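Open the model in your viewer and keep the selection panel at hand. The stops below go from the interface to the chain and then to a single residue.

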Amino acid sequence: MRPILMKGHERPLTFLKYNRDGDLLFSCAKDHTPTVWFADNGERLGTYRGHNGAVWTCDVSRDSMRLITGSADQTVKLWNVETGAQLFTFNFDSPARSVDFSVGDKLAVITTDPFMELTSAIHVKRIARDPSQQTAESALVIKGPQGRINRAIWGPLNRTIISAGEDAIVRIWDSETGKLLKESDKETGHKKTVTSLSKAVDGSHFVTGSLDKSAKLWDSRTLTLIKTYLTERPVNAVTMSPLLDHVVLGGGQDASHVTTTDHRAGKFEAKFYDKILQEEIGGVKGHFGPINALAFNPDGKSFSSGGEDGYVRLHHFDPDYFNVKI
Amino acid sequence: MAEVISMEDIRATASTLGIDVSNIDFDSIRLPPGEDFGITSDDDLHEEDPLEYDSGFGNIIVVDNLPVVPREKFEKLEGVVRKIYSQIGVIKEDGLWMPVDSDTQKTLGYCFIEYNTPQNLPCQGGCILYTSFCAPDCDFQNIGYWQSTGKCLGNGFLLLRSNSESKIAFFAQGQFSVVYGPPDTPYDEKLWNTIPLDNYCKNTTFYASFYFRNLYYPEAELAREKTNGYKLDRAHIFAVNMFDDFDRFMKVPDEWAPPETKPYTPGENLQHWLTDEKARDQFVIRAGSDTEVLWNDARHLKPEPVYKRAYWTESFVQWSPLGTYLATVHRQGAAVWGGATAFNRLMRYAHPQVKLIDFSPGEKYLVTYSSHEPSNPRDTHRVVLNVFDVRTGKVMRDFKGSMDEFSVGGAGGVSGVSWPVFRWGGGKEDKYFARIGKNVISVYETETFSLIDKKSLKVENVMDLSWSPADPILALFVPELGGGNQPARVSLVQIPSKEELRQKNLFSVSDCKMYWQSNGDYLAVKVDRYTKTKKSTYTGFELFRIKERDIPIEVLELENKNDKIIAFAWEPKGHRFAVIHGDSPRPDVSFFTMRSGSNTGRVSKLTTLKGKQANALFWSPAGRYIILAGLKGFNGQLEFYNVDELETMATAEHFMATDIEWDPTGRYVATSVTSVHEMENGFNIWSFNGKLLYRILKDHFFQFLWRPRPPSFLSPEKEEEIAKNLKKYSKKYEAEDQDVSMLLSEQDREKRKMLKDEWERWVNDWKRWHEEEKAERQRLRDGEASDEEEEYEAKEVEVEELLDVSEEVLSFDLDQE
């Protein structure tokens with residue numbers, strides 16, 4: 001079907017997130033204002049005003065009441081999804097790169113960038129049910145990995161935290177003690193910065209995308225490398241279909257290297273791979289800049305992509321898509 | 001003398017101590033000061049065994065034919081001699097000795113002069129100035145400048161010490177050889193210091209070859225060169241010799257002993273790749289630091305590796321024209337590789353800082369080229385060219401001179417020499433090679449490696465020359481002279497008679513380009529002429545029919561005279577040619593034939609394809625098919641065209657393609673994107689009719705080269721016979737193809753099944769875990785039991801809702817029917 005082009009952001013997109021029901025789509029961009037859209041028709045529902053820097057990431061609670069956003073203005077904010085009101089602000093000393101609610105939405109894992117003399121860190125915060133009781137205290141702070149940590153998410157049952165970033169290594173930490181439990185192997189793992197990390201609906205496995213032009217699928221519990229998807233471009237964003245065995249990779253030439261001759265030179269496509277056979281099965285073109293963010297609707301019938309070009313493209317699949325046999 | 005320890009002993013000792021030798025980093029071993037573990041140091045070795053080296057009198061010369069003078073004139077003569085010889089270099093203190101006959105008190109008519117050893121040489125006597133240490137996979141990779149003596153300790157090891165750090169490296173015996181370096185290899189300290197020391201020391205097997213340069217006494221050599229034959233007066237003409245030469249020549253036995261006949265050892269089969277059962281072709285690729293030779297296994301739609309090596313070459317690789325050798329280029333020279341099973345080094349050609357190489361068409365000779373920065377920045381670069389015999393490795397002839405001498409004609413001047421400097425002629429026999437000079441063409445023959453008739457061919461202002469690919473015929477182009485008074489001309493010259501076969505004068509010419517057909521049947525000369533106003537140019541062709549009597553010339557002009565010619569190409573072994581003409585972005589492509597049906601003597605047009613996105617032409621080596629390619633600005637558009645049927649077989653695109661090469665049989669085409677672009681690096685293999693067979697991506701992709709094949713032994717009649725009965729022959733291959741494709745699909749199915757099964761296992765595992773953790777998850781969610789919702793299932797539910805039921809009576813009007 002014709003994609004819906006959602007023009008609301010003025011700067012490159014950074015992150016996309018559907019709520020659990022799949023009726024709302026939250027988008028973050030470098031233009032300071034996270035936006036919420038109707039996931040069906042792409043209509044803009046509202047914005048969340050208050051950040052004073054690029055917004056890198058967001059997550060929405062299971063009941064679609066709370067939104068958490070992390071920004072380069074060194075804050076992480078909690079919002080009321082419905083009213084757009086700011087509920088709480090966590091202040092840090094460096095930009096926040098990633099946020100993720102735990103199962104049960106009682107905890108959130110936040111990563112902060114290395115900044116000035118500070119190293120990067122993973123913070124765990126308790127999220128109070130009642131916003132008036134929210135405190136800024138960290139339940140746990142993990143430090144160690146070199147360089148930026150681009151993404152940290154909760155492992156199964158909130159027992160672990162899975163992180164990955166500039167040092168190309170995927171790590172599993174104990175979420176209670178902060179102890180490093182597992183590390184990906186240098187030989188088989190990624191060779192360059194891991195840019196994105198996205199887990200399956202049931203949290204059993206996750207897929208990472210890297211600038212080394214590959215995406216890899218790992219077991220969440222054992223950190224076993226299960227699949228590798230090779231592409232021709234640095235990967236900025238990955239997601240998995242909740243419905244079919246498909247993995248979608250987005251990326252493209254680094255914006256600073258983009259040629260001016262031909263839009264095809266950049267390969268700004270969202271590429272579909274067979275999750276099991278690791279073979280490319282198709283692509284969705286459209287963006288005229290690298291793809292920075294990808295998200296699948298939880299119903300698996302549509303997905304959206306956000307690009308360096310500042311647009312969100314919302315794609316509803318044709319019926320044919322569900323009958324693809326290879 | 002040091003005790004001799006063999007590698008076996010070391011291994012045995014190590015294993016008793018529980019040490020794995022292969023894991024030891026020899027670099028990390030530091031010997032305590034004063035301890036040498038019974039291995040004598042290099043300095044001691046010097047004193048113990050000086051006979052290992054040449055006598056060390058290399059800086060002494062003997063001057064003969066001096067006047068015999070009495071005592072009173074001794075000092076005067078000595079003064080004269082000293083004056084002559086101190087101009088060349090610093091004579092050592094007491095370095096001039098003129099013996100005197102004790103009976104007559106007269107000199108003996110000769111004297112000895114010893115020069116100071118040059119200071120820039122770090123060691124004296126027998127020392128290694130050049131070593132090349134090679135791990136098996138990095139030939140010519142120097143790992144350091146080794147200051148002290150290299151010495152074989154009995155049958156065991158070689159002891160070496162580098163100048164930067166005191167390190168001891170061991171080398172297994174039998175893996176090294178000692179080579180005396182070429183006499184004029186300059187010592188270049190800068191070069192040595194750029195070489196990384198550590199990388200290669202860690203490997204366990206090494207071999208080393210040594211260039212001993214203990215005879216490098218430039219002053220003595222220079223003195224001999226300059227003053228030998230010096231006329232002091234009429235009666236006294238100096239005869240100057242190196243002192244060492246006396247020794248050497250004295251040692252020559254008086255009686256001739258017949259040389260030993262070595263038993264014949266059969267060499268490797270260098271043509272082995274041609275006997276491939278599946279009749280595949282090989283190619284070499286270079287990506288990153290790896291160089292790899294592969295089979296093109298089109299049936300299996302993938303390449304099959306043959307041989308791979310990291311750091312095989314330091315700049316590029318090149319096949320010899322018949323595919324026998326693969327040449328690699330290094331700092332110290334070039335090397336060729338080949339053989340039946342692996343690629344072994346067959347020969348090395350020493351040429352420091354070699355930049356370019358060129359084989360003769362019959363691959364008998366190899367021309368190497370280097371240019372060196374002058375010591376004085378205002379001078380032009382110094383150019384050195386060597387012609388080697390490929391099989392023996394001998395230098396057949398060398399050419400040295402300034403860049404100016406070698407950059408006449410062609411592009412000329414700005415970009416330096418136009419390569420190849422020497423153009424080989426006379427077909428595959430490698431009989432002649434020619435070079436263009438100022439107003440002169442020098443043709444050499446390979447029998448003597450000297451100029452034909454001992455003199456060059458004088459041609460005023462000659463700009464370009466080109467050999468017929470088949471016959472010893474040279475085509476020359478001389479531009480207009482004297483402001484148009486003397487017309488430009490193209491002439492054909494027979495070699496070795498130097499007889500002019502044909503000449504054509506051309507007027508108001510701005511430029512000429514010559515294109516030979518591959519059999520030497522035709523020569524096309526593209527002539528750019530000025531229009532009357534001299535403001536613009538238009539292009540025409542002069543077509544020479546070389547094989548016909550008197551070499552008739554035909555003039556061909558395009559219908560639209562103002563069309564620019566973008567590309568021209570003869571059909572290999574054929575009678576047709578293709579031209580791209582017109583204006584970018586959509587020029588036209590025209591095909592012409594030199595013999596059309598009834599009228600064999602006239603060129604005629606076959607067809608014109610309008611508005612093609614093409615700027616380069618690639619004929620299949622077997623003729624008939626051509627690729628019209630749009631490289632560079634056209635992003636890699638490809639059109640596969642059949643010229644027999646005059647129809648397009650396929651159009652395709654290899655985005656950003658930079659290079660296109662047909663395999664030598666004309667069955668497959670490789671298009672590649674080399675690292676001039678940052679992205680998309682890799683290559684595609686296509687069938688001749690434009691079907692993409694497979695695609696390989698490689699970062700930092702530098703080179704793709706098909707291995708050439710020697711010409712077929714089949715006679716043209718036999719080839720025709722085969723072409724006629726192609727059905728009969730192809731049956732067998734078609735059956736094979738089918739088998740392979742069956743096998744492939746079978747394998748593919750199996751692989752998929754395996755992957756699916758494996759995945760199934762994971763999914764089951766996950767489901768089990770998910771189930772097990774269900775209760776825990778519910779607790780985390782404060783009892784909210786909605787796991788089911790997490791796994792969506794697309795269910796189509798049809799709901800029929802009855803909205804309304806109404807009845808209406810419709811009236812029929814029967815009359816209307």
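Begin by selecting chain A and chain B together: the area buried between them is about 3,400 Å², and carbon and sulfur atoms give 54% of it. Buried area here is the accessible area (1.4 Å probe) that two parts lose on being put together, summed over both. This is a predicted model, in which local features need pLDDT of at least 70 and side-chain atom pairs count only at pLDDT 80 or more, while totals for chains, interfaces and linings use all residues. Residues are numbered from 1 along each chain as its sequence is written, chains are lettered from A and ligands numbered from 1 in the order in which they are written, and side-chain values use heavy atoms, with hydrogens and water left out. For the complex, the predictor gives an ipTM of 0.85 and a pTM of 0.65.

Next, show the contacts (heavy atoms within 4.5 Å) between the chains: 32 residues of chain B meet 43 residues of chain A. Four salt bridges are counted between the two chains, each a side-chain nitrogen of Lys or Arg within 4 Å of a carboxyl oxygen of Asp or Glu. To see one, select Glu279(A) and Arg752(B), whose closest N and O atoms are 3.4 Å apart.

Now colour β45 (692-697), α9 (726-772) and α10 (774-780) of chain B; each supplies at least two residues of the side that touches chain A. The largest share, eight residues, comes from α9(B). Helices (H or I, at least four residues) and strands (E, at least two) are DSSP runs, numbered from the N terminus.

Switch to colouring by pLDDT, the predictor's confidence in each residue, from 0 to 100. Chain B averages 76, and 76% of its residues score at least 70. Select residues 118-216 of chain B, where pLDDT stays under 50 and the model has 242 contacts beyond four places in sequence.

Finish at Leu492(B), in strand β28 (residues 488-494). Is this residue buried or exposed? Leu492(B) counts as buried because its relative accessibility is 0%, the limit for buried being under 20% and for exposed over 50%, with partly exposed in between (1.4 Å probe, protein chains only). Leu492(B) touches residues including Trp516(B), Phe544(B) and Ile551(B).
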